[in-house]
Structures are given as C-alpha cells and as structure tokens.
Amino acid sequence: MLECGCVVRSLSGHDAGGCFVVLRCGNGFAYVCDGARRRFECPKRKNAKHLKLLDVQKVQSAQCDAHVRRALKSIGAVRTRGYFRLKEEGCFV
C-alpha cells in the first residue's frame, strides 16, 4: 500500500526504472518526486499501478529537494541521465 514517504520505482512511462519518493496519494494516483528532475514543488502524478513499492525504510522528513535526494542516495540509488536508479548486479535496472 502506497503511503507518504514510501520509496517507489516507476514501472512504465519515460521515467521507467527511476526511483521516487511518494509525497501524497489518493484516488488511485500518487504524486512522486526525486528532487532532481521532478522537484518537490512540482511532483509527477503517476498511476499507482505503474509504481512498485521498494522494500526500504520510509522517508521521514521529505521537506525539500535536498532531503529527497539524500534519502534516495542513502538507499543506493545513483543518478544517471537525470533520474535516480538502483544499481544492481553491475547494470542499471
């Protein structure tokens, strides 16, 4: 179940494979940001079906872009081509 502060991976769209933090959710949609391409002030509205919940600790204090970027880096996400992606087994997923 998606909640505020959850870290998710996009499954579809031009940002597929990117890691994001959920800012708010409702009516089957989630508003996500990564602090880099999608800023805290202008989150992306994504269908909840197109997001995969990652098994990591929730972000407690996402109040600005710097907090979101720091949280994504702490789980091992690497910024490539503007998006934060998880590096697994030597290749980007």
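A residue is taken as buried when its relative accessible area is under 20%, and in this predicted model that criterion picks out Asp65, Val68, Ala71 and Leu72 in helix α1. Seen down the axis of α1, these buried residues fall within an arc of 130°, so they line one face of the helix. An α-helix has 3.6 residues a turn, so residues three or four places apart point the same way. The face of α1 turned away from the buried side carries the exposed residues Arg70, Lys73 and Ser74. Within the helix, which spans residues 65–74, Ala71 has a relative accessibility of 13% and therefore counts as buried. The C-alpha atoms of Ala71 and Cys42 are separated by 18 Å in space, the two residues being 29 positions apart in sequence. Just after α1, Gly76 adopts a positive phi of about 100°.

Strand β1, comprising residues 7–10, directs Val7 and Arg9 one way and Val8 and Ser10 the other way, and all of them are buried. In a regular strand the side chains alternate between the two faces of the sheet. Strand β1 pairs with strand β2 (residues 19–26) in the antiparallel sense over three bridges, and Cys19 of β2 is the bridge partner of Arg9. An antiparallel pairing over three bridges also joins β1 to strand β5 (residues 51–53), where Leu51 stands opposite Ser10.

Three salt bridges are found in the model. In one of them, the side chains of Glu3 and Lys58 meet at 2.9 Å, N to O; this pair links distant parts of the chain, since Glu3 belongs to the segment before β1 and Lys58 to the loop between β5 and α1, 55 residues apart. Another salt bridge brings together the side chains of Asp15 and Lys46 at 3.1 Å, N to O. Because Asp15 lies in the loop between β1 and β2 whereas Lys46 lies in strand β4 (residues 44–47), this pair ties together parts that are 31 residues apart in sequence; both Asp15 and Lys46 are buried.

A further salt bridge is formed by the side chains of Arg39 and Asp65, at 3.4 Å, N to O. This pair again links distant parts of the chain, with Arg39 in the loop between β3 (29–33) and β4 and Asp65 in helix α1, 26 residues apart. Arg39 is partly exposed, its relative accessible area being 39%, whereas Asp65, at 10% relative accessibility, counts as buried.

Arg85, which is placed in strand β7 (residues 83–88), is buried yet has no salt bridge, and the nearest side chain of opposite charge, that of Asp15, is 7.9 Å away. A salt bridge requires a separation within 4 Å. The side chain of Arg85 instead reaches the backbone oxygen of Ala16, at 2.8 Å.

With regard to the cysteines, a search of the whole structure finds zero disulfides. Cys4 is in no disulfide, and the nearest cysteine sulfur, belonging to Cys25, lies 5.3 Å away; at 44% relative accessibility, Cys4 counts as partly exposed. Cys64 is likewise in no disulfide, the nearest cysteine sulfur being that of Cys33 at 9.8 Å, and Cys64 is partly exposed, with a relative accessible area of 30%.

Terms used. Residues are numbered from 1 along each chain as its sequence is written. This is a predicted model: local features need pLDDT of at least 70, side-chain atom pairs count only at pLDDT 80 or more; totals for chains, interfaces and linings use all residues. Side-chain values use heavy atoms; hydrogens and water are left out. Helices (H or I, at least four residues) and strands (E, at least two) are DSSP runs, numbered from the N terminus. Buried means under 20% relative accessible area, exposed over 50%, partly exposed in between (1.4 Å probe, protein chains only). Lys and Arg count as positive and Asp and Glu as negative; His and the chain ends are not counted. A polar contact is a pair of N or O atoms within 3.5 Å; within protein, one must be able to donate a hydrogen and the other to accept it, and residues adjacent in sequence count only if both atoms are side-chain atoms. Two strands pair if DSSP finds at least two bridges between them. A disulfide is a pair of cysteine sulfur atoms within 2.5 Å. The arc is that of the directions from the helix axis to the C-beta atoms.
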